[in-house]
Amino acid sequence: MVRPLPSRKHSQAPPAARQKAREQSRETTPRAPELPELDRLIHERIRLGIVSALATNDSLSFNDLKRVLKTTDGNLSVHARKLEEAQYISCVKFFEGRVPRTEYRLTVSGRRALTEYLNQMEEWIRVTREQG
């Protein structure tokens, strides 16, 4: 059995009136503030910790970073490799006697990326305080 389509109710506004109401609603609805896009590579907690620690030190060993960030060998090496691939940090491996050492440094592009990230976060904070 085929049911007939429901007839339009008299209380519904015509399409032109509905469109006008939507436009007026948009004009009166406050817009969300524009926020800067964050550098997703640095935004992750361990990677932010790595670049921040290296920004305040000439270089740090793998073990120093692991201790400061309270993380595991595997976790640190994965995040450090991502930063190294992005050329935000450099890595030098060498031996001290018979002990292998790994030293990390923040590169110029890494320092620039961290500065930009901090500027973006400051903008987020400013907008959030203004809205609150």
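Predicted model: local features only at pLDDT ≥ 70, side-chain atom pairs only at ≥ 80, totals over all residues.
Student: What makes the contact between Arg 101 and Glu 96 a salt bridge?

Tutor: The closest N and O atoms of Arg 101 and Glu 96 are 3.6 Å apart. The cut-off is within 4 Å, so the pair qualifies.

Student: Why is Arg 101 called partly exposed?

Tutor: Its relative accessibility is 25%. Buried means under 20% and exposed over 50%, so Arg 101 falls in between.

Student: And why is Glu 96 called partly exposed?

Tutor: Glu 96 has 47% relative accessibility. Exposed needs over 50%, so Glu 96 counts as partly exposed.

Student: How do you know that Glu 103 and Arg 101 form a salt bridge?

Tutor: Their side chains meet at 2.5 Å, N to O.

Student: Is Glu 103 buried or exposed?

Tutor: Buried. The relative accessible area of Glu 103 is 15%, and the buried class is under 20%.

Student: What makes Glu 123 and Arg 126 a salt bridge?

Tutor: The closest N and O atoms of Glu 123 and Arg 126 are 2.5 Å apart. The limit is 4 Å, so this pair counts.

Student: Which residues are joined into one network?

Tutor: Glu 96, Arg 101 and Glu 103, through salt bridges that share partners.

Student: How many salt bridges does the rule give?

Tutor: The count comes to 6.

Conventions
Residues numbered from 1 in each chain as written. Heavy atoms only, no water. Buried < 20%, exposed > 50% of the residue type's maximum accessible area, 1.4 Å probe, protein only.
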